[in-house]
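Welcome! Please take a moment to look over the sequence and the 3D view before reading on.

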Amino acid sequence: MITLQDVSKRYSRLNAVSGINWNVQEGEWWGVIGPNGSGKSTLLHLLSGVETPSNGSIKLDDREVSSYSRKELARIVAVLQQEGLAPTDFTVREVIEMGRYPFQDWLGREKNDSGPLLDRIIRKLELESLESRRLDQLSGGQRQRAALGKVMAQEPTILLLDEPTTYLDIRYQLQFMNMVAEWRNEAGITVISVLHDLNLASQFCDRLLVLKDGEIAGEGVPSELLTEDFIRHVFRVDPAVVMHPENGAPQVLLTANRGT
C-alpha cells in the first residue's frame, strides 16, 4: 500500500532522514518511535505530501505521492497533528464538517448529503452535548476529539498521527487511542502514528519503526524491539521492561536519578 525506496530528505546541510526503505500493508497500525530529532515528523511530512524527498521514491498504491492532486490525496490520507485544533470560534460541528472538503466542488457543495455521516461521527465520539459549542470553550481533550471527528469525516484509508496525545492527560490519551483503534477495526484504515510514549506504542501498534539520527534503527513487533538493551542503545536511558499483566505487551519503566 505504501512503499518507500531509498528515501532521503535534506535541509541545507542537514540530513533529516536518509536511506529509508519501508513497506506498510493495508490495515496495519505502525508506531514510529525514536529520540527527538531522529526524523519522525519529517517522515510523516513526506508521507502526507507536504514535503518532497530529496532522493528516493514514495509510492501510494503503486503511484508516486507527488503525482496526486491535493484533493485526490486528501481523499486517501488524513493527518492529525499533535496540536489538534486551535481554540477558535468555530463550533464542533462546523469543524467536523470541514473534513468533507475533499468531496466538495468549488462552491463547497457535495453530490450527497453528508449530514447523516456527521451525525454518526458526533455520536461515536460522544460529542452530542458539545456540537454547538465553540472550540475556544472546550478543554484540550475535547478539542482533540473534535479534531479526530474532522479526519473521520474525511473518510481516509490512511491516517497519519503526529504525536496526537502529547498535550493530553492519561485519561484522554487512553480515550483517544481507543477511539482510533475502534475506528480502525470498523473501517479497516491504515494508521501510522509518531509516538513518544513507548507504552502506548506497545499497547496499540502492530509494528514499530524505530528511527535514530534519521536512519532506521529497527522495525518489528513491539515484543521484539522494546527490550532493555535496544531501548538503552536508541534512547540512552537505563530502563526496566516488564510485561503488562493483562495483555503481555512490554511496558517500559524508568528510574529517576535523585542523586545522593
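Predicted model: local features only at pLDDT ≥ 70, side-chain atom pairs only at ≥ 80, totals over all residues.

**The largest pocket**

- The lining of the largest pocket is made up of 31 residues, and those nearest its centre are Ser48, Val50, Arg70, Ala74 and Val77.

**Helix α5**

- From its first C-alpha to its last, the 14-residue helix α5 reaches 20 Å, close to the 20 Å expected at 1.5 Å a residue.
- Among the buried residues of α5 are Gly141, Arg143, Arg145, Leu148, Val151 and Met152.
- What do the buried residues of α5 pack against? Their partners are β6, α3 (92–97), α4 (115–124), β7 (158–162) and α6 (170–187).
- After α5 comes Glu155, with a positive phi near 50°.

**The nonpolar cores**

- The largest nonpolar core has 50 residues, and the members that touch the most others are Trp29, Val92, Ile96, Leu148, Leu159, Phe176 and Val180.
- Helix α6 gives the most to this core, supplying seven residues.
- Another core, of 26 residues, lies apart from the largest one, and its members include Val24, Leu46, Leu73 and Val77.
- Leu148 is one of the buried residues of α5. Not counting residues up to four places away in sequence, Leu148 touches Leu80, Leu125, Phe176, Met179, Val180 and Trp183.

- Leaving aside neighbours within four places in sequence, the contacts of Ser8 are Val17, Ser18, Gly19, Pro53, Ser54 and Asn55.
- Leu117 belongs to helix α4. Is Leu117 buried or exposed? With a relative accessible area of 14%, Leu117 is buried.
- Once neighbours within four places in sequence are set aside, Leu117 is in contact with Arg100, Ala153 and Glu155.
- Leu117 and Met152 are 35 residues apart along the chain, and 9.5 Å separates their C-alpha atoms.

**Two exposed loop residues**

- Asp62 lies in the loop between β4 and β5 (63–64). Although Asp62 is not a glycine, its phi is positive, at about 65°.
- Asp62 counts as exposed, with 74% relative accessibility.
- Where is Arg236 found? Arg236 is in the loop between α9 (228–235) and β11 (240–243).
- Arg236 is not a glycine, yet has a positive phi of about 60°, and a relative accessible area of 71% makes Arg236 exposed.

Definitions and conventions:
Residues numbered from 1 in each chain as written. Heavy atoms only, no water. 1 Å grid on protein atoms, 1.4 Å probe; cavity = no way out; pocket = protein on both sides within 12 Å on 5 of 7 lines; lining within 4 Å. Helix = DSSP H or I, 4+ residues; strand = E, 2+ residues; numbered from the N terminus. Expected span 1.5 Å × (residues − 1). Buried < 20%, exposed > 50% of the residue type's maximum accessible area, 1.4 Å probe, protein only. Contact = heavy atoms within 4.5 Å. Core = buried A, V, L, I, M, F, W, Y, C linked by side-chain atoms within 4.5 Å.
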